[in-house]
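Subject: Structure handover

Here is the structure for your files. My notes on it follow below.

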Amino acid sequence: MNDNFVIAPVLIHLFSALLMLVFWRRTVTHRVISIAAAMVGLVISFVLFRNVFYGDIMTLTAASWKAPFGIVFVADTFSALLVLLTSVVALAVSIFSAVGVGRARMLYGYFPIFHFLIMGLNGAFLTGDIFNLYVWFEVIIIASFVLLTLGGRKAQLEGAVKYMALNILASTFFLTGIGILYGITGTLNMADLAQKIPLVANQSVVNLTAMFFLIGFGIKSAVFPLYFWLPSSYHTPPSAVAAVFGGLLTKVGLYAMFRVFTLVFTPDDFMKIVFLVIAVMTILTGALGALIKTNIRRLFSYLIVCHIGFIVGGLGLYTHLAILGAVFYLIHDIIIKTTLFLIAGLIRQMRGTMDMNRLGGLYGNYPKLSLVIALVLFSLAGIPPLSGFWPKIYLIEASFLVNNGWMIAGIIIGSFITLYVLAKLWASIFWKEASTDAIIQDSFAEMDASRKIFFVLPILLLAAVTLYLGFNAEMIINISDKIATEMMDTTPYEKAVLGE
């Protein structure tokens with residue numbers, strides 16, 4: 001396959017966004033273009049992933065300027081997988097948005113901005129240059145800020161201000177680290193950095209630079225103690241926006257963390273301890289925060305924080321088995337968190353609220369749909385043999401092999417609290433009878449069948465993907481194993497980019 005295909009996942013969303021700008025106020029046209037572009041993007045990303053997984057790392061140098069001097073795009077197994085998962089999420093959210101986002105927001109450019117956001121995410125996953133990673137992060141921040149503020153409600157604006165302030169701080173740390181890195185190595189190509197960083201005489205400066213990147217990526221990933229912006233902002237936008245945020249935005253920070261701290265900075269014993277402390281505290285604070293929440297989306301926001309700790313813990317353990325478990329959990333988490341926020345949006349349509357104290361009786365009204373939702377919740381809790389179970393086993397085994405009891409305890413405590421929180425959520429929303437003073441506004445029941453399909457189909461699609469991840473765990477383990485191998489030995493990546 002021609003290496004120019006590497007850039008195709010970025011271009012499809014760029015061109016679709018520009019095309020929608022031509023048909024600025026035609027919301028029906030926007031919906032059609034968005035869903036069609038998401039479908040094409042999914043096909044493109046699947047072909048890219050298949051070729052990389054069964055073939056070699058693919059690279060594209062812009063304007064024929066060879067690395068490390070020119071801009072380079074790289075598709076290895078890790079980046080191609082995340083582009084594929086992004087495309088799955090984009091398709092599901094695009095379908096949901098066709099009915100889940102109001103016409104007023106569409107008129108202000110919801111769909112073009114949404115595709116600019118997906119473009120930015122794909123660009124961040126595929127870039128091989130650390131400065132261009134920063135540029136793609138800024139594209140993501142601008143697009144996500146616009147999506148957060150569309151509608152102009154007070155809660156949205158407050159959440160957007162917190163989100164933007166913390167992300168600007170993260171970008172400041174990130175850019176400062178880039179400046180120091182360029183000063184001590186003279187390059188920003190990540191493969192070239194991997195070869196030059198060990199040759200730097202003053203490794204204390206290298207360690208300081210690594211801390212700048214850790215803080216910058218830590219804020220974007222919402223790890224302890226830098227996560228407070230996430231629960232304060234993710235509950236404010238429409239559910240379709242919250243779904244893509246919950247599924248992907250923190251994950252691009254985690255991707256950057258894994259990419260930089262396996263390729264550029266290899267963690268020493270001190271950095272491993274830092275990662276593990278951050279991981280355990282992220283798990284505990286996220287889980288405890290979810291315990292006291294009664295708003296569904298706030299509860300889900302804290303569970304995002306909690307489960308990010310599982311993934312960071314894999315990087316802290318820094319063994320092949322731990323990286324394998326972390327990558328598997330990352331795959332599971334992207335799909336499951338997107339599904340949860342779409343479910344929250346569906347519940348709002350059914351009852352007009354997301355307050356668990358004012359909900360109830362949904363199982364009696366929608367038994368089949370409730371069972372699908374139960375399947376998603378079981379997967380999130382890690383009930384075997386669903387997708388949340390297998391990566392935890394690998395992470396616990398990896399922790400046991402290096403005698404790290406704190407990580408084992410964190411995973412077990414976080415898992416039990418997650419199970420308790422989800423059991424409480426199920427009992428409050430589905431099993432108990434609706435309270436007599438609850439305001440039940442079931443606009444979903446009054447919809448015609450064609451509109452209902454657009455609400456339910458994305459949830460069924462993602463639930464099917466979740467089932468596939470669990471029941472075909474061997475395939476996902478093989479993919480995660482190959483990614484872990486590439487992270488622990490970056491020589492093939494460096495050779496593919498630098499042509500050595």
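**Notes on the model**

Leu-18 has a relative accessible area of 39%, so it is partly exposed (buried means under 20%, exposed over 50%, partly exposed in between, with a 1.4 Å probe and protein chains only). This is a predicted model, in which local features need pLDDT of at least 70 and side-chain atom pairs count only at pLDDT 80 or more, while totals for chains, interfaces and linings use all residues. Residues are numbered from 1 along each chain as its sequence is written, and side-chain values use heavy atoms, with hydrogens and water left out.

Leu-18 sits in helix α1 (residues 8–22); helices (H or I, at least four residues) and strands (E, at least two) are DSSP runs numbered from the N terminus.

**Overall**

The protein has 21 helices and two strands. The C-alpha atoms fill a box of roughly 70 × 55 × 40 Å along the principal axes. Of the 500 residues, 61% are buried. Among contacts with a separation of 6 or more, 80% are between residues 24 or more positions apart; contact means heavy atoms within 4.5 Å.

**Ser-221**

Ser-221 belongs to helix α9 (residues 203–221). Its relative accessibility is 0%, so Ser-221 counts as buried. A polar atom of its side chain lies 2.8 Å from the backbone oxygen of Phe-217, and the side chain also reaches the backbone oxygen of Gly-253 at 3.4 Å. Not counting residues up to four places away in sequence, Ser-221 touches Thr-250, Gly-253, Leu-254, Met-257 and Ile-308.

**Met-487**

Met-487 is in helix α20 (residues 473–488). With 6% relative accessibility, Met-487 is also buried. Phe-261 is 226 residues away from Met-487 in sequence, yet their C-alpha atoms are 9.3 Å apart. Neighbours within four places aside, the contacts of Met-487 are Phe-78, Phe-258, Thr-262, Tyr-318, Ile-323 and Val-327.

Methods: A polar contact is a pair of N or O atoms within 3.5 Å; within protein, one must be able to donate a hydrogen and the other to accept it, and residues adjacent in sequence count only if both atoms are side-chain atoms.
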